[in-house]
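Welcome to my notebook. I opened this structure today and wrote down what I looked up, step by step.

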Amino acid sequence: YYDPDSAVTERVTGIDNILGAGSYREVFFEGIHIAYGDLRLKRETKLLFESDYETVEMHFDLCGASVTNIANASDFSYEFTTNRHNIIYVPGVKGAIHFNATSMRTLEINLLPSLFKKYLQDAHAYEGFLDLIRKQSPTLLGKHNMPIMPPMMHLINAIIDAIINCARKGIYKRL
């Protein structure tokens, strides 16, 4: 999903159909994928998905509610509600996501597992999580999703503004 010949690869998926309206903006560079979704759905919606890459995802649900079920993963699922976050590990998987609300805003920061491990200050504190990554078993870092605190929201808004909505191109955008 990364174009090595480009400083930054971007993709915007606009939605305006019978399901609802909104956008899903993505930025890819050097093993990092940042995505911001802002959707207004006409009703609760279930979408099937399939991913062929392994990722550690910092997931921030800014508005809405959803339940994600991973197929063939011993009933692994996770649920998010407004102003909650967690870190998720998934190998290449397929499953379904059920949006339980009609207004959804989500920020996702995906890292290659090697990049995630590289920046851990105290790997010992994450040993159980890292062990499941080694076994390629889908998992959540926290047993329960944590609240997004005001300082975190400030950083999230800065990420959305500085990276997702940035008008710069090429190497300047990556910087």
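**Entry 1: salt bridges.** I searched the whole structure, a predicted model, and the search gave four salt bridges. I began with Arg11 and Glu26, whose closest N and O atoms are 2.7 Å apart. Arg11 belongs to strand E1 and Glu26 to strand E2, so this pair ties together parts that lie 15 residues apart in sequence. I then checked the cover on each partner. Arg11 is partly exposed, at 43% relative accessible area, whereas Glu26 has 8% and counts as buried.

Next I looked at Asp38 and Arg40, another salt bridge, with 2.6 Å between the closest N and O atoms. Asp38 counts as partly exposed at 22% relative accessibility, and Arg40 is partly exposed too, at 41%.

I also noted the salt bridge of Asp131 with Lys135, where the closest N and O atoms are 3.2 Å apart. Here Asp131 is partly exposed, with a relative accessible area of 28%, and Lys135 is exposed, with 57%.

**Entry 2: the chain as a whole.** I stepped back and found four helices and twelve strands in the chain. The radius of gyration is 16 Å, close to the 16 Å that the globule rule gives for 175 residues, so the chain is as compact as a globular protein of that length. Its C-alpha trace spans about 45 × 40 × 35 Å along the principal axes. I read that 41% of the 175 residues are buried. The accessible surface comes to about 10,200 Å², and carbon and sulfur atoms hold 54% of that. I also looked at contacts between residues at least 6 apart in sequence: 70% of them join residues at least 24 apart.

**Entry 3: aromatic rings.** How many aromatic pairs does a search of the whole structure find? I got four. In one of them, Tyr78 with Phe80, the ring centres are 5.9 Å apart and the planes stand at 80°, so I wrote the pair down as edge-to-face. Both Tyr78 and Phe80 are buried. Ring pairs also bring in Phe76, making a cluster of Phe76, Tyr78 and Phe80.

**Entry 4: one buried leucine.** I picked Leu107, which sits in strand E10, residues 103–111. Its relative accessibility is 0%, so Leu107 counts as buried. What is Leu107 in contact with, leaving aside its neighbours within four places in sequence? My list includes Ile34, Tyr36, Met58, Phe60, Ile156 and Ile160. I also took the C-alpha distance from Leu107 to His154: the two are 13 Å apart in space and 47 residues apart in sequence.

**Entry 5: a nonpolar patch.** On the surface I found Ile18, Leu19 and Leu47 forming a nonpolar patch, with about 260 Å² of accessible area together. Leu19 is in the loop between strand E1 (9–17) and strand E2 (20–29). At a relative accessible area of 30%, Leu19 is partly exposed.

Entry 6: Most residues other than glycine have a negative phi, so I looked for exceptions. Glu30 has a positive phi, near 40°. This residue lies in the loop between E2 and strand E3 (32–41) and is partly exposed, at 45% relative accessibility. Gln136 also has a positive phi, about 55°. Its place is the loop between helix H2 (127–134) and strand E11 (139–140), and with 47% relative accessibility Gln136 counts as partly exposed.

Note on methods. Residues numbered from 1 in each chain as written. Predicted model: local features only at pLDDT ≥ 70, side-chain atom pairs only at ≥ 80, totals over all residues. Heavy atoms only, no water. Patch = residues over 30% accessible without salt bridge, like charges linked within 9 Å, V, L, I, M, F, W, Y side chains within 5 Å. Areas by Shrake-Rupley, 256 points an atom, 1.4 Å probe, with all protein chains shown as cover. Salt bridge = Lys/Arg side-chain N within 4 Å of Asp/Glu carboxyl O. Helix = DSSP H or I, 4+ residues; strand = E, 2+ residues; numbered from the N terminus. Buried < 20%, exposed > 50% of the residue type's maximum accessible area, 1.4 Å probe, protein only. Phe/Tyr/Trp six-rings, centres within 6.5 Å; stacked < 30°, edge-to-face > 60°. Rg over C-alpha atoms; globule rule 2.2 N^0.38 Å. Contact = heavy atoms within 4.5 Å.
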